[in-house]
Amino acid sequence: MGKFKNVIWIVALIILIVLIGIIGYGYYRNATMEVTRPVATMEVENFGTVKFELYPEYAPETVANFITLANRGFYDGLTFHRIVKDFMIQGGDKNGDGTGVATTKDLRDDGDDTEYTIKGEFISNNVDNKLQFEEGVVAMARSDYTNYSSSLKEESYNSGSSQFFIMTAENTSLNGQYTSFGKVTEGMDIVHKIEEVEVKAADDSETTGNTEVSTPVNPPVITSIRVETNGIDYGLPETLTPFDYQSWLYQQYGIDPSTVTTGE
C-alpha cells in the first residue's frame, strides 16, 4: 500500500513539474515574442519617405480602413491640404480642401459612390485606446458638429473616413477625443520639413468664417502609401452612414450650409 502511495506522489509530482514547465514556457514566449505590426510606407514628392507603425490593438476598425484604402491606391496623388506648424500635417482628402470623404468603391471592388464613415476609436467614444498624442502619432481626422449643438457628439465622433494627420508636436488636449492609430518610426525629419511649407488662409475663409492660416500655397503631394501587413488580413472596416449635417443645419436653423465649416 505504501509503495502504491509513493507511485501516486511521484506521478503527481511529475505532472506538476510538466504543468509548471508549460506555464513557464508560455510566459517566456509571450515575453520574448516580437509583436509584428503593420508598417505603412509613405512617399511624399520632393520631400522623401516616411514610415509609420500601425496599432490594430488600439484601433482595429481605423487600421483596417487605412490599410485597405492605402493598398488600393486611394492616397496616391492626394495632398497634405492642412498644415499647422507645431501641431500637425493633415492629408487624405480627395477634394483637397478638407471636405472629402471616401466611398465604398474606394474600399472594395463591388462598392459604389456611397460615402461612408467609421466608428471613432477613442475613450470619449467608449473605446479604450491608450495611444497618446505625442510627436509622430498618426490619427484620424473627424468633424466637430458640436459647434452647432452639444447633442451631436455621436455624429461628430463617428465622422472619420479617409483623412488622417501626423502630429509634429505633443498635444494632450486630443487624448481621448480623436482616434490615434499609428506612430512614425522613420522620417520624422521629413514630417517636420513638410510642416515648414508656406501656408495661407483658405480662399473661401471670408465666407466660411475660417480664419486659420493653414492652407499650403503649394500642397505637398503624397506619391503613394502602401502598408506591409506581414501576411495578416485585417479585413474591411464596419462602415457607417455619414451624418447629413447640411440638411440638419437647414432644418434646425435655416442656415445655408455653404457658409459654415465642420472643422475636419
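Which exposed residues does the face of α7 turned away from its buried side carry? I opened my notebook with that one, and I kept in mind that this is a predicted model.

**Entry 1: helix α7**

I found Y250 and Q251 there, both exposed, on the face of α7 turned away from its buried side. Next I looked up the covered part of this helix, which runs over residues 245–253, and the buried residues are Y245, W248 and L249. Looking down the axis of α7, I see these buried residues fall within an arc of 100 degrees, so they line one face of the helix. I then stepped past the end of the helix: G254 follows α7 and has a positive phi, near 70 degrees.

**Entry 2: the sheet**

I traced the sheet next. It is open and built from eight strands, in the order β3-β4-β6-β5-β7-β2-β1-β10, with antiparallel pairing. At the edges I have β3 and β10 (222–228), each of which pairs on one side only. Ignoring direction, I note that neighbouring strands are turned by 25 degrees against each other on average.

One residue I followed across was I83, and its bridge partner in β4 is I89.

**Entry 3: helix α2 on the sheet**

What does α2 touch where it packs on the sheet? I listed β1, β2, β5 (137–140), β6 (164–167), β7 and β10, and the direction of α2 makes about 125 degrees with that of β10.

I checked the helix itself as well. It covers residues 60–71, twelve in number, and spans 16 Å from its first C-alpha to its last, close to the 16 Å expected at 1.5 Å a residue. I would call α2 mostly covered, as nine of its twelve residues are buried. My list of those buried residues reads T62, V63, A64, N65, F66, I67, T68, L69 and A70. Just after the helix I came to G73, with a positive phi of about 85 degrees.

**Entry 4: V184 in β7**

I picked V184 from strand β7, which spans residues 179–186. Is V184 buried or exposed? I read a relative accessible area of 13%, and the cut-off for buried is under 20%, so V184 is buried. Setting aside neighbours within four places in sequence, I find V184 in contact with V50, K51, F52, G136, I166 and V191. I also looked at T41, which lies 143 residues from V184 along the chain, and their C-alpha atoms are separated by 9.8 Å.

**Entry 5: T104 in α3**

I moved on to helix α3 (residues 104–107), where T104 is found. With 7% relative accessibility, T104 counts as buried. Leaving out residues up to four places away in sequence, I see T104 touching G111, D112, T114 and Y116.

**Entry 6: two loop residues with positive phi**

Which loop holds N46? I located N46 between β1 (39–44) and β2 (48–54). Its phi is positive, about 70 degrees, although N46 is not a glycine. I noted N46 as exposed, with a relative accessible area of 75%.

I then turned to D86, in the loop between β3 (80–84) and β4 (88–91). Phi of D86 is near 65 degrees, again a positive value in a residue other than glycine. D86 counts as exposed at 55% relative accessibility.

How values were computed:
Residues are numbered from 1 along each chain as its sequence is written. This is a predicted model: local features need pLDDT of at least 70, side-chain atom pairs count only at pLDDT 80 or more; totals for chains, interfaces and linings use all residues. Side-chain values use heavy atoms; hydrogens and water are left out. Helices (H or I, at least four residues) and strands (E, at least two) are DSSP runs, numbered from the N terminus. Buried means under 20% relative accessible area, exposed over 50%, partly exposed in between (1.4 Å probe, protein chains only). Contact means heavy atoms within 4.5 Å. The expected span of a helix is 1.5 Å times one less than its number of residues. The arc is that of the directions from the helix axis to the C-beta atoms. Two strands pair if DSSP finds at least two bridges between them. Axes are lines fitted to C-alpha atoms, for helices over the stretch in contact, and angles run from 0 to 180 degrees between N-to-C directions.
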